[in-house]
Amino acid sequence: MGAQMLDMPRCKAVIHFWDKDVREIFKSYAAADMNVEAQGAALDSVNLTELLYMLKEGHFMDDNLSVSRVSQIFSLVNSSSEEEEGGDEDEAELVYEEFISVIVRCCDAKIPEAQRDGAPFEEVLQRWLQLSFVPTYRQLMKDKARGLIKKTL
């Protein structure tokens, strides 16, 4: 899936609809890596370690969305952002807009076209965010707030 997919009005509408929830998820995982190097960027970016931690904790990793595939998506989004912005400050970190792009690409990898029953991608993305992604992380964040699971890596 190319960047043009993200620019489609219907995809943008889906992303806009879920923005508040996805932003909260982003903030939660941006604060997850407490090593000394990551602390400076802790609240406004997500690194690959935090992203993998998030996807593993939510049980989203599988044959379609492997560590290797997530690493490729992470690198692709970072390198294309760098080209567009004329130099991203940190290719090892995702800002929120890049995080959105990664999440959409993870949905695309997790649910390949062959499993979409001919549904347009924006419908697949909407269903995935509504039925899987957002509810999973809402529950994880509630559990963390209650102290039932750890908040950091």
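1. Let's start with His59, which counts as exposed because its relative accessibility is 68%, above the 50% cut-off for that label. This is a predicted model, so please read every value here as computed from it. His59 sits in the loop between H5 and helix H6 (67-85). Its backbone is worth a look too: phi is positive, about 60°, although His59 is not a glycine.

2. Is Asp117 buried or exposed? With 78% relative accessibility, Asp117 counts as exposed.

3. Now for the overall layout. The protein chain has eight helices and two strands, and along the sequence they follow the pattern α-α-α-α-β-α-α-β-α-α. Of its 153 residues, 43% count as buried. The accessible surface comes to about 8,300 Å², and carbon and sulfur atoms hold 52% of that area. Among contacts with a separation of 6 or more, 62% are between residues 24 or more positions apart.

4. How do H5 and H8 meet? The axes of helix H5 (residues 48-57) and helix H8 (residues 121-145) come within 10 Å and cross at roughly 100°. That angle makes H5 roughly perpendicular to H8, because angles of 65 to 115 degrees fall in that class. On the H5 side, the residues in contact are Tyr53, Met54, Leu55 and Glu57, and they meet Phe133, Tyr137, Leu140 and Lys144 in H8. By type, the residues of this contact divide into six nonpolar, two charged and no polar.

5. Which residues of H3 are buried? They are Val22, Ile25, Phe26, Ser28, Tyr29 and Ala30. The buried residues of H3 pack against both helices and strands: H5, H7 and H8, together with strand S1 (46-47) and strand S2 (93-94).

6. H7, one of the partners of the buried H3 residues, runs over residues 96-110. Its 15 residues reach 21 Å from the first C-alpha to the last, close to the 21 Å expected at 1.5 Å a residue. H7 is mostly covered, with 14 of its 15 residues buried.

7. Ile15 belongs to helix H2 (residues 9-17). This residue counts as buried because its relative accessibility is 16%, under the 20% cut-off. Where is Ser101 relative to Ile15? The two are 86 residues apart in sequence, yet their C-alpha atoms are 9.7 Å apart in space.

8. Last, a charged residue for you to inspect: Asp143, which lies in helix H8. Asp143 is buried, since its relative accessible area is 17%. Leaving aside residues up to four places away in sequence, Asp143 touches Leu148 and Ile149.

Definitions and conventions: Residues are numbered from 1 along each chain as its sequence is written. This is a predicted model: local features need pLDDT of at least 70, side-chain atom pairs count only at pLDDT 80 or more; totals for chains, interfaces and linings use all residues. Side-chain values use heavy atoms; hydrogens and water are left out. Helices (H or I, at least four residues) and strands (E, at least two) are DSSP runs, numbered from the N terminus. The expected span of a helix is 1.5 Å times one less than its number of residues. Buried means under 20% relative accessible area, exposed over 50%, partly exposed in between (1.4 Å probe, protein chains only). Axes are lines fitted to C-alpha atoms, for helices over the stretch in contact, and angles run from 0 to 180 degrees between N-to-C directions. Angles under 35 degrees count as roughly parallel, over 145 as roughly antiparallel, 65 to 115 as roughly perpendicular and the rest as oblique. Contact means heavy atoms within 4.5 Å. Accessible areas come from the Shrake-Rupley method with a 1.4 Å probe; for residues, only the protein chains shown count as cover.
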